[in-house]
Amino acid sequence: MSYSSVLGGERYRFETLARLLAAASPERSGDRLAGLAAASERERVAARRALAEVPLARFLTEPVIPYESDDVTRLILDTHDTAAFAPVAGLSVGEFREWLLSERADAAALAALAPGITPEMAAAVSKLMGNADLVAVARKVRVVTAFRSTIGLPGRLATRLQPNHPTDDPAGVAAALLDGLLLGSGDAVIGINPATDSPKAVRDLLELLDGVIRRYAIPTQSCVLSHVTTSVDLMARGAPVDLVFQSIAGTQAANASFGVTLGLLDEAYEAALALERGTVGQNVMYFETGQGSALSADAHHGVDQQTVEARAYAVARRYRPLLVNTVVGFIGPEYLYDGRQILRAALEDHFCGKLLGLPMGLDICYTNHADADDDDIATMLTVLAVAGASFVICTPGGDDIMLNYQSASYHDALYLREVLGLRPAPEFEAWLDSIGLLDERGGIREVSGDGHPLTAIGKELAA
C-alpha cells in the first residue's frame, strides 16, 4: 500500500510503510548512509503528515519486514495482545501521540497498554514527537524489575559499575571496582566487558565479582558480558552466573550476525531461572542494543535504523529482563554523527523501550571520532534522568580504557542524584548506609587513604 501527502502544492508519495517511516525519521547519518533518509526537510515534513494519518492497526497487517522471512516479525505479531491494544485500536498515529501526552495516559494506563503496542507503533509515534514530548511521556512510565536490588522505582536512579580492563588484570579491575563502590555506584549491576570470550577468562571474572559481592554482602548482581553460548556453558559447569547477557538486534539476520537465535536465548533464560540466585526477584537477563547494528551487518531490510532498533525491544521483552540499555553513540558517527543526533536517538530509544514495558537504561557515550564531547554527555545524562531512565552506565573518569570510548563517570551519577533528588536502589542505599558511606544528607561520604574497609578489595585482588 502506498502513502502520500501534499505540501506546498507538491504531492509526495511513499510506496511502502517502511519507506514512509524512514522518510519521517529525524536526520541521522546512518539513514543517509543507507539511502533511506528523506531527500529534503520538505519531504520529511510531508512524510510526517502522512504518517500521522496512518491507523495504528495498519502495523498489524503491513509488517515492515515480511512475516515469512523474519522470526522477529513473527514474534511481534504472534505475541501481540489485542485486549491490551483495545483502548487505542481505533486511533491513528497522530491521535496516539495526543493520547500519550494527555492525562488519560497515566502510569497505570501505560503499563496496561504495553503488551498491545508493537515496536513499529512506538517508533512511528516517536517520529511525530519533539524531544520534550519524548521526555514527558517516558517519565510517566514505570517499569520495576528485581534480582538482588530493585530497579526502576520512582525517585531512584541506578548505575552499572563498569570496571573494564584491557587485559582483565585483577588489580586493574579491583581499582576500578573500588573506585565505583566508594562513589556509590553498582546498584544496577557490576558488569565487565571481558577482553576475551574464553570460558576460563570469563569464569575467573565471574568468581572475582561473586567473591566481592558475597564477602561484603553487597545487594547487587554481577555480569560478565560474554556471548550467551559462553554463559550457557558456564552455567552448566556451576559457574556463579547472576545475569545472562547478550547483544540483540531487531531482525533475524542481524541477530544471526551476533550468533544468536531466539531458541538459544530461550535456552539461556531457562537455565538462568533454574539457578534461583536472586533474592528479591528473578529477572535474570541483561540485553544491550544500539541504533545502527542492523545496518552495519547489512541486515536492516531497507528499514530505518530507529525502527529496527525498536524491534530489538520485542526480543528483549520476551525474557522479562532485569536491565536493557541502548549503547547510544557507541557504534560511531557513521550512524549517529554528532551530539545532536546521539541525544535524539537516546530519547527515542528510551521512550520506545519504556512504552513497550522494558526497564530502559543507557550507555550515554561517544567514540573519539564523533562530533561530540563531554558537555554532550552531561546534557544527555541530565535530560535522560529527567525522563526517568532506570539506570546509566558509569566508568572510571568517564573513560573506558578497554573499549576506548567516552561514557559517564561515577561522579556524573552523583551529580544526577544531587541535582534531581534521586537515590540509589533501596537495598543498595541501605547497604551504603550500613557501611558508613552515606552522610547525614544521604550523599556519599568522602573516604581517603585506607579509611574504609572496602579499600581492602584492591589489596586482596591484587594479591
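Q: Which residues of helix 20 are called buried?
A: In helix 20 (residues 410–420), they are Tyr410, Ala413, Leu416 and Arg417. Buried means under 20% relative accessible area, exposed over 50%, and partly exposed in between (1.4 Å probe, protein chains only). A helix is a DSSP run of H or I, at least four residues, and a strand is a run of E, at least two; both are numbered from the N terminus.

Q: What puts these residues on the same side of helix 20?
A: They cover an arc of only 120 degrees around the axis, so they share one side. The arc is that of the directions from the helix axis to the C-beta atoms. On the other side, His411 and Glu418 are exposed.

The model is predicted: local features need pLDDT of at least 70, side-chain atom pairs count only at pLDDT 80 or more, and totals for chains, interfaces and linings use all residues. Residues are numbered from 1 along each chain as its sequence is written, and side-chain values use heavy atoms, with hydrogens and water left out.

Q: What covers the buried residues of helix 20?
A: The cover includes strand 5 (158–161), helix 11 (170–182) and helix 19 (374–386). Strand 12 (391–395) and strand 15 (408–409) are also among the covering elements.

Q: Which residue caps the N-terminal end of helix 20?
A: Ser409 does, with a side-chain oxygen 3.3 Å from the backbone nitrogen of His411. A polar contact is a pair of N or O atoms within 3.5 Å; within protein, one must be able to donate a hydrogen and the other to accept it, and residues adjacent in sequence count only if both atoms are side-chain atoms.

Q: Which residue takes a positive phi just after helix 20?
A: Gly421 does, at about 65 degrees.

Methods:
Contact means heavy atoms within 4.5 Å.
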